[in-house]
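Subject: Structure handover

Hello,

Here is the structure for you to take over. My notes on what was found in it follow below.

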Amino acid sequence: MGLASFNQARRLAAEKAKKVRDNAGRVERETAEQKAREEQQRNANEAKERAEREKAEAIAKAEAEAKAAHEQAEREQQEHDAEAKRLAAEKAKVHPAEPVGPQFDGIGTDSGEQFSDAQLRQAIAAVTGTTPGNATKRETLIERFNELNLEAAKSQEGE
C-alpha cells in the first residue's frame, strides 16, 4: 500500500471519528434536553398539585368561616327575638291597652249618638242576637239603640 492510500485511509478514519464525535455530542445534547424537559414537566406538575391543594384548603377555610358566621348570626337573631318577646310581654304587663274614644257600657247606659256605628251594632247584636247589616244607616242604628236602651232602663226600674 502506498503513501497515498495510507493518507487517504487516515483521512477517512479522521472523518469517521469526527462523525462519531459529532453524533456523540448530538446524542448527549438531546439527552440533556430531554432530561431538562422532563424536569420542567415534573416541576409544573408539582406546582399544579400544590396550587390545587392550596385552593382546596382555602375553600375549606372559607366554608368553615362562612358556617361559623352563619351560626353566629342565627344565635344573635334568636337572642334578638327572645329579647323582643320579653320586652313585648313586659310592655303588655306594665301598660295594658287603653280603649280609644267613648267607652260603651252596654244597653241602658247612655244615648247612642256618642258611640261609633261598630259599637252600636255590637250593642244591638248583644241584646237581640242579630247584627244589623252594614247598609243600615247611622240614624237607624241610633234609633234602635235608644229603643233598646229605654227598654233596659224600664226593666231596671221595675226591679
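I begin with helix α2, where Q119, L120, R121, A123, I124 and A125 are buried. Please keep in mind that this is a predicted model.

Helix α2 covers residues 117-128. Its twelve residues, at 1.5 Å each, should span 16 Å, and the C-alpha atoms at its ends are 16 Å apart, so the two values agree. Q119 belongs to this helix. With a relative accessible area of 19%, Q119 counts as buried because the cut-off is under 20%. The side chain of Q119 also reaches back to S116, where the backbone nitrogen is at 3.0 Å. Just after α2 comes G129, with a positive phi of about 90 degrees.

As for the whole chain, there are three helices and zero strands, giving the pattern α-α-α along the sequence. Of its 159 residues, 11% count as buried. The chain exposes about 13,200 Å², and carbon and sulfur atoms supply 52% of that area. Among contacts between residues at least 6 apart in sequence, 45% join residues at least 24 apart.

On confidence, the mean pLDDT of the chain is 83, and 86% of the residues score at least 70. Over residues 95-104 the pLDDT is below 50, and this stretch has seven contacts in the model beyond near neighbours in sequence.

How many salt bridges does a search of the whole structure find? The search finds five, and three of them are described here:

- E39 and R42 form a salt bridge, with their closest N and O atoms 2.5 Å apart. They sit three residues apart in helix α1, so about one helical turn separates them. E39 is partly exposed at a relative accessible area of 36%, and R42 is partly exposed at 43%.
- E83 and R86 meet through their side chains at 2.5 Å, N to O. Both lie in helix α1, three residues apart, about one turn of the helix. E83 is partly exposed at 35% relative accessibility, and R86 is partly exposed at 39%.
- R144 and E147 form a salt bridge, with the closest N and O atoms 3.4 Å apart. These residues are three apart in helix α3, about one helical turn. R144 is partly exposed at 33%, and E147 is partly exposed at 38%.

On the spacing in these pairs: an α-helix has 3.6 residues a turn, so residues three or four places apart point the same way.

Regards

Terms used: Residues are numbered from 1 along each chain as its sequence is written. This is a predicted model: local features need pLDDT of at least 70, side-chain atom pairs count only at pLDDT 80 or more; totals for chains, interfaces and linings use all residues. Side-chain values use heavy atoms; hydrogens and water are left out. Helices (H or I, at least four residues) and strands (E, at least two) are DSSP runs, numbered from the N terminus. The expected span of a helix is 1.5 Å times one less than its number of residues. Buried means under 20% relative accessible area, exposed over 50%, partly exposed in between (1.4 Å probe, protein chains only). pLDDT is the predictor's confidence in each residue, from 0 to 100. Contact means heavy atoms within 4.5 Å. Accessible areas come from the Shrake-Rupley method with a 1.4 Å probe; for residues, only the protein chains shown count as cover. A polar contact is a pair of N or O atoms within 3.5 Å; within protein, one must be able to donate a hydrogen and the other to accept it, and residues adjacent in sequence count only if both atoms are side-chain atoms. A salt bridge is a side-chain nitrogen of Lys or Arg within 4 Å of a carboxyl oxygen of Asp or Glu.
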